[in-house]
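This report describes the surroundings of a ligand and the packing of a pair of helices.

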Amino acid sequence: MSAMLKIAGLGVSYGGLHALADVSLDVADGEFVTIVGPNGAGKTTLLKAISGAVRVESGHIEFRGRDVGALSPARRAALGIAHVPEGRRVFPSLTVLDNLELGSYRAAARPRRAESLEAVLALFPVLRSRAKQLAGSLSGGEQQMLALGRGLMAQPDLLLLDEPSQGLGPRIVEQIFETIAEIRRRRRLTILLVEQRVVEALELADRGYVLETGRVVLAGGRGALLADPRVQGAYLGA
Ligand SMILES: Nc1ncnc2c1ncn2[C@@H]1O[C@H](COP(=O)(O)OP(=O)(O)OP(=O)(O)O)[C@@H](O)[C@H]1O
Ligand SMILES: [Mg+2]
């Protein structure tokens with residue numbers, strides 16, 4: 001498999017404080033990779049660096065063989081990178097449908113807009129029944145589904161998911177993770193998921209990286225990471 005995303009020696013700092021230091025990772029075409037780690041590890045910063053929301057201090061970000069590090073967020077989105085940010089940010093005073101439609105701004109996604117919308121509504125039936133409702137009046141779980149759905153409306157090649165489980169109860173988290181697995185089964189999509197729910201995320205993904213205080217401390221396949229004593233000691237309470 002060829003690398004869709006290749007990151008080498010990435011460094012990001014906020015006012016002199018290093019949030020990411022020398023991070024290298026890659027995601028192959030069609031792969032599902034997760035980055036797990038505790039609060040403040042730099043997970044959100046990593047996704048922001050990939051989508052262009054924060055400035056990179058050092059290192060390279062290549063998407064499909066092209067150095068995208070200097071491109072605007074809009075250019076990167078146009079190339080096929082969709083970022084579903086942390087905290088399920090939707091436009092609260094727009095309807096569910098309008099929020100979804102905004103996801104298909106990407107020129108490449110526009111011709112298949114109706115088809116994408118149908119696919120998203122089939123994936124999240126609750127959004128269909130609430131299509132005319134204002135997004136701000138949805139429950140937290142429904143807003144997360146809407147944020148995910150909007151990301152899919154861009155028909156991305158690479159989907160960046162920032163902690164879709166954040167602040168949600170266990171049942172809804174399970175449902176959202178199941179839907180992510182379903183998205184993966186239905187269409188060929190490369191996914192990079194960052195999560196604090198280490199076990200659940202590793203169980204979903206093909207491969208993972210453990211990020212701690214801005215550095216990759218461990219990397220490997222799903223089975224190897226789940227069985228690793230360091231992962232078990234730190235995150236599984238073993
Ligand atoms: N805009 C900012 N200005 C200054 N410091 C920041 C900013 N954003 C993040 N940081 C700091 O960078 C570090 C990494 O933050 P980041 O949000 O990437 O972590 P995270 O792994 O996503 O954490 P969480 O699991 O809590 O979402 C933290 O120490 C955080 O305080
Ligand atoms: Mg975060």
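A polar side-chain atom of Thr44 lies 2.8 Å from an oxygen atom of ligand 1, a polar contact, that is, a pair of N or O atoms within 3.5 Å. The model is predicted: local features need pLDDT of at least 70, side-chain atom pairs count only at pLDDT 80 or more, and totals for chains, interfaces and linings use all residues. Residues are numbered from 1 along each chain as its sequence is written, chains are lettered from A and ligands numbered from 1 in the order in which they are written, and side-chain values use heavy atoms, without hydrogens and water.

| Residue | Atom of the residue | Distance |
|---|---|---|
| Thr44 | polar side-chain atom | 2.8 Å |
| Gly42 | backbone N or O atom | 2.9 Å |
| Glu163 | side-chain N or O atom | 2.8 Å |

On its own, ligand 1 has 630 Å² of accessible area, of which the protein covers 59% (Shrake-Rupley method, 1.4 Å probe). Around ligand 1 there are 13 residues, and Asn39, Lys43, Thr44, Thr45 and Glu86 come nearest; a residue is counted if one of its heavy atoms lies within 4 Å. Helix H1 (residues 43-51) gives the most to this shell, with three residues; helices are DSSP runs (H or I) of at least four residues, numbered from the N terminus.

Elsewhere, the axes of helix H6 (residues 140-153) and helix H7 (residues 170-186) come within 10 Å and cross at roughly 15°; axes are lines fitted to C-alpha atoms over the stretch in contact, with angles from 0 to 180 degrees between N-to-C directions. H6 and H7 are therefore roughly parallel to each other (angles under 35 degrees).

Technical notes. A polar contact is a pair of N or O atoms within 3.5 Å; within protein, one must be able to donate a hydrogen and the other to accept it, and residues adjacent in sequence count only if both atoms are side-chain atoms. Helices (H or I, at least four residues) and strands (E, at least two) are DSSP runs, numbered from the N terminus. Angles under 35 degrees count as roughly parallel, over 145 as roughly antiparallel, 65 to 115 as roughly perpendicular and the rest as oblique.
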